[in-house]
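Hi everyone, thanks for coming. Have a look at it first, and then we'll go around it together.

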Amino acid sequence: MELKGRNQRKQQSPDRWTSSMMKSSSLFCLLYLLVLLLGFLCIALTGYWVQRWRGGFALQGSALFNWHPVCMITGLIVLYGSAALVYRLPFSWTGSKFPWKLLHASLTLAAFIVSVLGLVAVFKFHNDHKFPNLYSLHSWLGLAAVGLFSCQWVTALCTFLLPWASIWLRNLYKPIHVFFGMMILTLSVAAALAGINEKLIFSLDPRINGSLPYASLPPEACLMNAVGILIVVFGLLVLWMLLRPTWQRPDLSGPEVRQPLLEDDEEEECQ
Ligand code: HEM
């Protein structure tokens with residue numbers, strides 16, 4: 001219906017339509033830059049926290065754990081969220097969809113690899129120190145997010161990338177893919193917030209390591225609370241940009257939608 005309305009407005013006043021589309025595209029690009037900046041800040045500040053207060057990075061000992069928050073925020077939040085918005089970029093609407101499919105698939109694959117590395121770090125750290133696995137709400141939420149993400153990646157690969165899925169199946173699966181994509185991002189944000197909170201409660205305990213208590217809000221807690229807020233703003237902004245109808249790719253029934261990633265454009269035109 002939104003697309004129909006958009007076409008009607010275009011026919012009634014082409015100049016006004018072009019100028020409002022340009023304004024809307026510029027706003028999208030600005031907000032996308034803001035999303036990238038927020039994502040960069042989340043990764044950089046988490047890296048700073050680990051270096052400044054948590055003993056830096058290492059491949060063994062207690063510093064092995066420190067890869068976990070940095071990799072999970074980079075993979076499941078920043079790379080994943082940026083990948084989700086690729087098809088909303090206005091300059092991806094014209095011309096071949098192939099490079100955008102490739103970019104979306106590569107970014108989500110990178111997100112997956114980095115997240116798996118983050119999980120390997122925390123499981124190895126737990127096993128090396130004989131700590132129990134998967135007991136916290138944080139770990140359950142996190143595992144649900146990674147599990148759904150893995151299923152989503154494999155299903156999308158089979159449906160959109162490989163040439164055997166029918167057009168009917170692709171059209172049926174697309175809204176499900178978008179819905180689960182948004183759910184995975186929401187779960188990842190929830191897991192990251194629970195993880196940050198849990199880690200601050202564990203680490204800022206004067207009875208165990210003589211540090212200042214969390215309740216006295218030391219600079220470390222202030223910084224990571226702020227990172228939590230930045231993650232929430234990042235997630236909400238991505239979800240809002242995904243849901244806004246004006247930024248959805250127009251003419252979804254065009255031939256490009258049916259084009260599997262492994263087929264090139266010329267082949268499609270011959271069909
Ligand atoms: C989307 C992001 C994240 C996911 C999917 C995730 C997932 C997980 C999983 C599955 C575990 C269980 C490992 C085990 O039982 O051996 C875990 C442990 C842990 N994570 Fe995360 N994590 C994420 C982000 C974070 C962040 C940002 C922090 C902040 C420091 C963090 C802190 C912890 C801590 C302290 C543990 C050990 C205690 C526990 O098992 O709950 N995580 N994480």
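Predicted model: local features only at pLDDT ≥ 70, side-chain atom pairs only at ≥ 80, totals over all residues.

Read from the N terminus, the order of elements is simply α-α-α-α-α-α-α-α-α. There are 271 residues in the protein, and 23% of them count as buried. And if you take the contacts with a separation of 6 or more, 76% of them are between residues 24 or more positions apart.

Now a word on the record. The unreviewed UniProt entry carries the annotation "transmembrane region" for residues 27-50, 70-90, 102-123, 143-164, 176-196 and 223-243. Let's see what the model does over two of those. Residues 27-50 are 100% helix and 0% strand, with the end C-alpha atoms 35 Å apart. Residues 223-243 are also 100% helix and 0% strand, and there the end C-alpha atoms lie 30 Å apart.

Okay, helix 2, which runs over 14-53. How far does helix 2 reach from its first C-alpha to its last? The answer is 58 Å for 40 residues, close to the 58 Å expected at 1.5 Å a residue. Its buried residues are Tyr32, Val35, Gly39, Cys42, Thr46 and Trp49, and the buried residues of helix 2 pack against helix 3 and helix 8. After helix 2 comes glycine 55, with a positive phi near 85°.

Helix 8 has 25 residues and spans 36 Å from first C-alpha to last, close to the expected 36 Å. Buried in helix 8 are Ala221, Met224, Val227, Ile231, Phe234, Gly235 and Val238. What covers them includes helix 2, helix 3 and helix 6.

The largest nonpolar core holds 39 residues, and the ones touching the most other members are Cys42, Ile73, Ile77, Tyr80, Ala145, Ala192 and Ile231. Which helix gives the most? Helix 3 does, with 12 residues.

Next, the ligand. It's surrounded by 25 residues, and the closest are Met72, Ser136, Ser139, Gly142 and Gly195. Helix 3 (67-84), helix 4 (98-128), helix 5 (137-161) and helix 6 (167-203) each give two or more residues to that shell. Here it's helix 6 that gives the most, with 7 residues. What kind of residues make up the shell around the ligand? They divide into 14 nonpolar, 9 polar and 2 charged.

Last stop, some single residues. First, backbone angles. Most residues other than glycine have a negative phi. Leucine 134, though, has a positive phi of about 50° and is not a glycine. Leucine 134 sits in the loop between helix 4 and helix 5. Is leucine 134 buried or exposed? It counts as exposed, because there are 11 other C-beta atoms within 10 Å and the cut-off for exposed is 12 or fewer. Leucine 217 also has a positive phi of about 50°, and leucine 217 is in the loop between helix 7 (206-209) and helix 8. Leucine 217 counts as exposed too, with 12 C-beta neighbours inside 10 Å.

Then two pairs for you to find on the screen. Glycine 147, in helix 5, is 37 residues from isoleucine 184 in sequence, and their C-alpha atoms are 9.4 Å apart in space. The other pair is histidine 126 and phenylalanine 65: 61 residues apart in sequence, 8.4 Å apart in space, C-alpha to C-alpha. Histidine 126 lies in helix 4 and is partly exposed, with 17 other C-beta atoms within 10 Å. Beyond its neighbours within four places in sequence, histidine 126 is in contact with Phe131 and Asn133.

That's my tour. Happy to go back to any part of it.

How values were computed:
Residues numbered from 1 in each chain as written. Near = placed C-beta within 6 Å. Helix = DSSP H or I, 4+ residues; strand = E, 2+ residues; numbered from the N terminus. Nonpolar A, V, L, I, M, F, W, Y, C, P; charged D, E, K, R; others polar. Core = buried A, V, L, I, M, F, W, Y, C linked by C-beta atoms within 7 Å. Buried ≥ 20, exposed ≤ 12 C-beta atoms within 10 Å, placed from the backbone. UniProt positions renumbered as here; feature names shortened; annotations may be inferred. Contact = placed C-beta atoms within 7 Å. Expected span 1.5 Å × (residues − 1).
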